[in-house]
Amino acid sequence: MKHDLTLTQNLMEKICDRDNLRRAYRQVVSNRGAAGVDRMTVDELHSWIGKNIEAFRESLLNGTYQPQEIRGVSISKPTGGMRKLGIPTVVDRLTQQAILQVLQPLCDPLFSDHSYGFRPGRSTHQALLKAKSYVDAGYYRTVDMDLEKFFDKVNHDILMSRLARRFGDKRLLLLIRRFLTAGMMEHGVICTPRTEGMAQGSPLSPLLSNILLDELDKELEKRGHKFVRFADDCNVYVKSQAAAERVLRSLTIWLSKNLRLKVNEQKSAADDVRKRKFLGYRIQNGNFHIAPESLDRLKVKIRKLTERRSPQTLEERVEKLNQLVVGWLNYFRLADARTHMRNLDQWLRRRIRCLRLHQLKRTFPRVVFLKSLGVSDKAAWLTMSSGKGNWRLANTPASNLGMNLKWFEDLGLLSFEKRYLKLKEV
């Protein structure tokens, strides 16, 4: 689609508009986030703006603004390995947010209806429901494409050429190029300016990724495919295995040739839709189910919150567990998963019983504790002096009788099953 570039030649004036900058400031403060390489926090941003706003706006308008290096942070990926995040300074985040607020309304109406990630008014649940509609219509095979290290491998020249087709303000294009090429500091060492990739963690990166991958969307639409894309996670739905394999081969070649992006052959597949996960779910027998990998990741988080070595009190752990339960269930409420919820409740309660026994350490205080909960003197002594490990003790009749459902309710622990059923009623 062609764009009238004359309509976008003065975007920097809109970006530097005081109302736009005020909105950007409020959003950056609301998002919080860690400090960048200059150690400035979001709480210090207001004071900085008060002293530097005019010079800041002038540098943006005359094209002299220079982004600072990005602070690189590596975090563990749920599937194993490490993911590199880039944390810009708060001033750079303010600038990128101001740019985003102007560009998003211009770009979003032109994006594909099959794209759901990082777009106003769109969500993962909408993407999942769209995918299910294709499966319900008989498209039982999926082309599950995983783009290899997408954010790390975006070609700057290709991305900038796509931006230049949409926006005519060369000051803006130069500024975005500077953000893309800014060096990353890790362990106190600044690497050379980057020639590829975008910093995950920057306000502007999600929009830039949608602008680049919109070309893939348009290609899939041109071919008449049924597909759903959420950020760099794209599934195409077809009716036969042969068609799925053909589409995967064709798209692998197209992505390499046109966008210089590589499909991860180990993680991508042309397969039965029931065997593949999409956004943490599986679609089976007309229903949503929680992918086994998603349950495994949840258990990893619960284990971390209930590990014995942590100095946190039981009440502090319960508060964090409740936050996890609420957020996780809000996301997975579409799933047919009552049995999973009941099993999770039983497993979590056993872990907390085990943790409580570990905190008491010795036999006598454990006996006193169980007796205070209504367990007989004989049962408490026989159980706690049995020599069993904490995990086995946590599942004995005495522990279950003392630390019963009411004990957990008084503790304030939310139930996966009860909350799940309440959400399903809505």
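**Figure 1. Helix α8 of the predicted model, with its length and its buried residues.** Helix α8 has twelve residues, and the distance from its first C-alpha to its last is 16 Å. This is close to the 16 Å expected at 1.5 Å a residue, where the expected span is 1.5 Å times one less than the number of residues in the helix. Helices (H or I, at least four residues) and strands (E, at least two) are DSSP runs, numbered from the N terminus. The buried residues of α8 are Leu172, Leu173, Leu175, Ile176, Arg178, Phe179 and Leu180. Buried means under 20% relative accessible area, exposed means over 50%, and partly exposed is in between, with a 1.4 Å probe and protein chains only. Residues are numbered from 1 along each chain as its sequence is written, and side-chain values use heavy atoms, with hydrogens and water left out. Because this is a predicted model, local features need pLDDT of at least 70 and side-chain atom pairs count only at pLDDT 80 or more, while totals for chains, interfaces and linings use all residues.

**Figure 2. The largest cavity and its lining.** A cavity is a set of points, on a 1 Å grid over the protein atoms alone, where a 1.4 Å probe fits but cannot get out; a pocket is an open set with protein on both sides within 12 Å along at least five of seven lines. Lining residues have an atom within 4 Å of a point. Grid points are joined across faces, edges and corners, and a volume is the space filled by probe spheres set on the points. There are three cavities of 30 Å³ or more, and the volume of the largest cavity is about 120 Å³. Its lining has 17 residues, with Gln96, Phe179, Leu180, Ser202 and Ser205 nearest the centre. Two or more lining residues come from each of α4 (90-107), α8 (170-181) and α9 (205-222). The lining divides into ten nonpolar, five polar and two charged residues. Here Ala, Val, Leu, Ile, Met, Phe, Trp, Tyr, Cys and Pro count as nonpolar, Asp, Glu, Lys and Arg as charged, and the others, Gly among them, as polar.

**Figure 3. The second largest cavity.** The second largest cavity holds about 40 Å³ of space. Residues in its lining include Thr142, Asn235, Tyr237, Arg276, Phe278 and Tyr281. The elements that give two or more residues to this lining are β7 (233-238) and β9 (281-284). Strand β9 gives the most, with three residues. By class, the lining has five nonpolar, two polar and three charged residues.

**Figure 4. The hairpin of strands β6 and β7.** Strand β6 (residues 226-230) is largely enclosed by the rest of the structure, because four of its five residues are buried. β6 and β7 run antiparallel and are joined by five bridges; two strands pair if DSSP finds at least two bridges between them. Arginine 229 of this view stands opposite cysteine 234 in β7. Two residues lie between the strands of the hairpin, and alanine 231 in the turn has a positive phi of about 60°.

**Figure 5. Salt bridges.** The structure holds 25 salt bridges, each a side-chain nitrogen of Lys or Arg within 4 Å of a carboxyl oxygen of Asp or Glu. In the salt bridge of glutamate 196 with lysine 153, the closest N and O atoms are 3.6 Å apart. This pair links distant parts of the chain, 43 residues apart: glutamate 196 is in the loop between β5 (189-190) and α9, and lysine 153 is in helix α6 (residues 150-153). Glutamate 196 is partly exposed at 35% relative accessible area, and lysine 153 is partly exposed at 37%. Arginine 177 forms a salt bridge with aspartate 157, with the closest N and O atoms 3.1 Å apart. Arginine 177 lies in helix α8 and aspartate 157 in helix α7 (residues 156-166), 20 residues apart.

**Figure 6. The second largest pocket.** The volume of the second largest pocket is about 370 Å³. It is lined by 15 residues, of which Asp345, Leu413, Leu414, Ser415 and Lys418 are the closest to its centre. At least two lining residues come from each of α13 (338-360), α18 (405-411) and α19 (416-425). Helix α13 gives the most, with five residues. The lining has five nonpolar, two polar and eight charged residues.
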